[in-house]
Amino acid sequence: MSRPEALAAAPATGKPQRSPLSRKRVDTVISRSVAWFGIVFGLQAVPGLLSQYSLGQPLWSAMAVAAIYGSLLVALLCSTIKRWVGPSHLLVSGVYVVALLTWPFFLADPAVPQQGDHWLYQLTTVATATAAIGLRVRGALAYLIVVPLIYGIIRATPQGGGGPWELGLFNAIYAIILGGAVLVIVTMTRSAATSVDEAQGAALDRYARAVRQHATEVERVHVDSIVHDSVLTTLLSAARAETPEQQQLAAHMASNAMRHLREAALVSPDDGTTVRFRQLADRIVTAARQMQAPFTVRVRSLDTRVIPSAQAEALYSAAVQAMMNSVQHAGPAEVRRWLKVSGVHGGAVEIEVGDAGAGFDSEHLPEGRLGVRRSIVERTANAGGHAEVRSAPGKGTVVVLLWPVFTPGDDLDDIEPLEREGIGA
């Protein structure tokens with residue numbers, strides 16, 4: 001199994017967990033549809049372009065054609081790779097306006113304008129559709145009204161063909177109606193997706209709170225049983241121990257009881273529920289802002305991915321412990337400290353807590369530093385993740401929490417490179 005497939009599998013069901021609808025997916029579908037729509041309409045405008053190409057000055061015609069069709073290809077490419085989608089569509093709208101406004105001033109022979117509608121008119125709806133992707137609703141609405149009216153006005157001038165003003169007005173209204181339909185569809189679809197996201201998030205929040213309350217109660221019962229079965233029995237045995245053999249037995253029972261309590265503290269009940277990475281990141285960021293020393297916070301690439309509730313609690317506790325250790329041991333508040341929470345390709349999450357403070361010898365960790373050994377390393381490992389502690393005296397400390405663990409058979413080339421600050425940076 002490749003790394004992305006392995007990480008996408010949910011622990012409980014073995015199947016990818018997908019949201020049926022999200023604003024991000026809707027935006028992707030709409031932007032790609034508009035980009036292909038622009039390509040198709042651009043091809044339909046080619047016959048008119050070829051017949052009117054010689055009517056414009058050669059340099060203007062070449063630049064206008066290259067800019068308009070080049071921007072359409074850029075928008076299609078950006079929509080496909082899901083990068084710079086809004087700016088690329090806005091580029092199409094801007095290029096179209098520049099070409100439309102400059103067209104009357106670069107006629108090859110002003111006395112011989114084109115007959116009929118200019119080839120740019122066939123791309124008016126494309127421009128208004130791309131504006132709906134690249135601009136907010138009010139901006140897209142203004143573009144929808146103003147740009148077709150500009151064409152209608154130019155169409156009625158001698159340079160634009162000298163058509164009657166009724167024809168220019170009819171062309172403008174027709175373009176507004178078509179572009180308005182596209183804008184309404186885009187706006188309503190986005191609004192519906194946003195509402196679904198908000199409703200889903202609210203439901204997950206309520207469910208997560210109920211799950212945490214249930215998990216807390218289960219853990220309390222579990223600890224109570226350990227206290228009753230192990231600790232109280234140990235105390236009774238110690239109180240009655242008179243001979244060396246009885247005292248040795250009591251000490252052995254006390255050691256076992258302590259081990260049971262440590263295991264209970266490190267293991268969280270797994271009930272198969274999930275929370276969003278974004279919720280986990282928000283909790284960790286909130287904890288960072290409540291620390292006595294300031295942390296520089298950076299969160300990126302979390303979108304709608306999810307993580308089991310038990311693992312989220314373990315990562316949250318480990319991250320908070322790492323920040324507390326930094327506040328307590330790295331030095332004064334002036335020491336540079338940072339927190340990064342990043343999504344990694346394949347459905348994983350990486351949490352980095354670092355400082356440029358005092359540091360310590362990670363290879364000879366004192367026995368008393370249980371916050372690193374148990375609360376961070378062991379807790380993360382028990383949750384199915386991996387904790388890496390990099391530190392050196394005088395060079396700061398960096399704690400990296402990664403969930404889930406990457407196995408040797410995973411394709412590590414697919415891991416998204418994350419900008420990371422090294423020790424002592």
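1. Basis of the description. The model is predicted, and local features are reported at pLDDT of at least 70, side-chain atom pairs count only at pLDDT 80 or more, and totals for chains, interfaces and linings use all residues. Residues are numbered from 1 along each chain as its sequence is written, and side-chain values use heavy atoms, with hydrogens and water left out.

2. Overall composition. The protein chain contains twelve helices and seven strands; these are DSSP runs, helices being H or I of at least four residues and strands E of at least two, numbered from the N terminus. Of its 425 residues, 40% are buried. Here buried means under 20% relative accessible area, exposed means over 50%, and partly exposed lies in between, with a 1.4 Å probe and protein chains only. Among contacts with a separation of 6 or more, 75% join residues 24 or more positions apart, a contact being heavy atoms within 4.5 Å.

3. The largest nonpolar core. This core has 31 residues, and those with the most contacts inside it are Ile 68, Tyr 96 and Trp 103. The term denotes a set of buried Ala, Val, Leu, Ile, Met, Phe, Trp, Tyr and Cys residues joined through side-chain atoms within 4.5 Å. Two or more residues come from each of α2 (23-44), α4 (58-81), α5 (85-102), α6 (124-134) and α7 (137-155). The largest share, eight residues, is that of α4. Apart from this core lies another, of 30 residues, including Val 275, Ile 284, Ala 287 and Ala 293. In soluble globular proteins, nonpolar side chains tend to be buried together.

4. Surroundings of Tyr 96 and Thr 124. Residues up to four places away in sequence aside, Tyr 96 touches Leu 120, Tyr 121, Leu 123, Thr 124, Ala 127, Tyr 143 and Val 147. Thr 124 belongs to helix α6 and counts as buried because its relative accessibility is 2%. Beyond its neighbours within four places in sequence, Thr 124 is in contact with Tyr 96, Pro 148 and Ala 175.

5. Packing of α5 and α6. The axes of these helices come within 8 Å and cross at roughly 145°. Axes are lines fitted to C-alpha atoms, for helices over the stretch in contact, and angles run from 0 to 180 degrees between N-to-C directions. From α5, the residues Val 85, Gly 86, His 89, Leu 90, Val 92, Ser 93 and Tyr 96 meet Thr 124, Ala 127, Thr 130, Ala 131, Ile 133 and Gly 134 of α6. The residues of this contact comprise seven nonpolar, six polar and no charged; Ala, Val, Leu, Ile, Met, Phe, Trp, Tyr, Cys and Pro count as nonpolar, Asp, Glu, Lys and Arg as charged, and the others, Gly among them, as polar.

6. The loop between α4 and α5. Lys 82 is found in this loop and has a positive phi of about 60° although it is not a glycine. Trp 84 is also placed in the loop between α4 and α5, with a positive phi near 55°. Most residues other than glycine have a negative phi. Lys 82 counts as partly exposed, at 43% relative accessibility, while Trp 84 counts as exposed, at 61%.

7. The five-stranded sheet. Five strands form an open sheet of mixed pairing in the order β2-β4-β5-β7-β6; two strands pair if DSSP finds at least two bridges between them. β2 (296-300) and β6 (386-391) stand at the edges with a single partner strand each, so one side of each has no neighbour in the sheet. The twist from one strand to the next averages 10°. Five bridges join β2 in the parallel sense to β4 (residues 337-344), and Val 299 has Val 341 in β4 as its bridge partner. By contrast, β6 and β7 run antiparallel over six bridges, with Leu 401 in β7 as the bridge partner of Ala 387. Their hairpin has five residues between the strands, and in it Gly 394 takes a positive phi near 80°.

8. Helices on the sheet. Helix α10 (residues 277-289) packs on the sheet and touches β2, β4, β5 (348-355) and β7 (397-403); its direction makes about 175° with that of β2. Helix α11 (residues 309-329) lies across β4, β5 and β7 and runs at about 10° to β5.
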